[in-house]
Amino acid sequence: MSGGNERAARALKEILQRPGNHACADCGAADPEWGSCSLGVFICLACSGIHRNLPDIGKVKSLRLSRWEDSEVQFMAEHGNEAMKAKYEAVVPVYYYKPTHKDCQVLKEQWIRAKYERKEFMESGRKLPYEEGIKDGMLMKRGRDNGQFFSRRFVLMEREGTLKYFTKYDAKEPKAVIKVDSINASFQPEKIGNPNGLQITYLKDYSTRNIFLYHENGKEIVDWFNSIRAVQFHYLKVAFPGATDAELKPKLTRNFLKEGYMEKTGPRQTEGFKKRWFTLDHRRLMYFKDPLDAFAKGEVFLGHRDLGYSASPGLPAGTHCNGAWQCGITIVTPDRSFLFTCETESEQQDWLNHFNAVISTVMTPQEYSMEALFKHKH
């Protein structure tokens, strides 16, 4: 390494120690190893690939492997993550979903483009595309029975607090009217088989219904996602007038805590164990025959441990376990026990960690009423 480059490497190392520079400016991943010479931010490898595609502001270099000019090092020293966040994230709306390093590519890419390319969050008073009050457009929706995707018209209305979809563009009556306060939306590219795949989950007659969507354009699908969150936030502000933004934010769309296969047996616990796809959405554990099913086959509500809920490893003595998987989990609710088996011990442990985290969390008033509905329904 030449003397100049050694000096640059030392200087960059010192700049990295400054507050804010130890995590990626865009997704928060620890120990960023790349820098944007155009913007003066430190970023991770994954985000550097997105930056490279930004016209005019996409110059990135590896902190360890690239040759840095003194002027570029100076530029990084004068800027850095905290200063650039203050500039480019000055007014990010509360409802806007800021992706983490765990999120999918389309969310990260659109966040980076919204910040630096479209400069959406630099000054207040800008009319953002998520705040139109009404959004009307076509999305590809997976058919319930045959698994094919068809173009469907969706209309989101803030005033009504609804998302509707129509089977034909000019249809008078919607196929479904979904209340935004019952919606969860999460990006599921692997499950849906499309990089822009979005799953919408909502309650229909107290049962969970899934619809699977995508749009070829990444900006368009992320705009839909943040528009749904904007309408939810508006609804929550009205429903809970005394609540702070920090209290309302967790009530917006959320990622599922965990999904995956387990085997389960029926209520008599003498039936055979069958493989099912499970989704843990906060207090609701839903199970499906197939990950892309429209309706859950069943649901388990996980209340607080003081109310008689528990999750523990193993199955009750004498359980006839005919399934292929041996790592058991028993969930006890006030009404009955649920028996599951996992393929590996690490999966068993991961599920148990999630179940116990939920069971040890104090319930909100809304969750008490949800528990009452569950008992009434099941």
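A search of the whole structure, a predicted model, finds zero disulfides (pairs of cysteine sulfur atoms within 2.5 Å). Cys27 takes part in none, and the nearest cysteine sulfur, that of Cys44, is 3.7 Å away. Residues are numbered from 1 along each chain as its sequence is written. Local features need pLDDT of at least 70 and side-chain atom pairs count only at pLDDT 80 or more, while totals for chains, interfaces and linings use all residues; side-chain values use heavy atoms, leaving out hydrogens and water.

**Cysteines**

**Annotated domain**
- An unreviewed UniProt entry lists residues 9-129 as "domain: Arf-GAP"; such annotations may be inferred rather than shown by experiment.
- In residues 9-129, the end C-alpha atoms are 42 Å apart.
- This span is 37% helix and 7% strand, where helices (H or I, at least four residues) and strands (E, at least two) are DSSP runs.

**Whole chain**
- The protein chain contains 10 helices and 17 strands.
- Its C-alpha trace spans about 75 × 55 × 45 Å along the principal axes.
- Of the 378 residues in the protein chain, 49% are buried.
- Among contacts (heavy atoms within 4.5 Å) between residues at least 6 apart in sequence, 52% join residues at least 24 apart.

Notes: Buried < 20%, exposed > 50% of the residue type's maximum accessible area, 1.4 Å probe, protein only.
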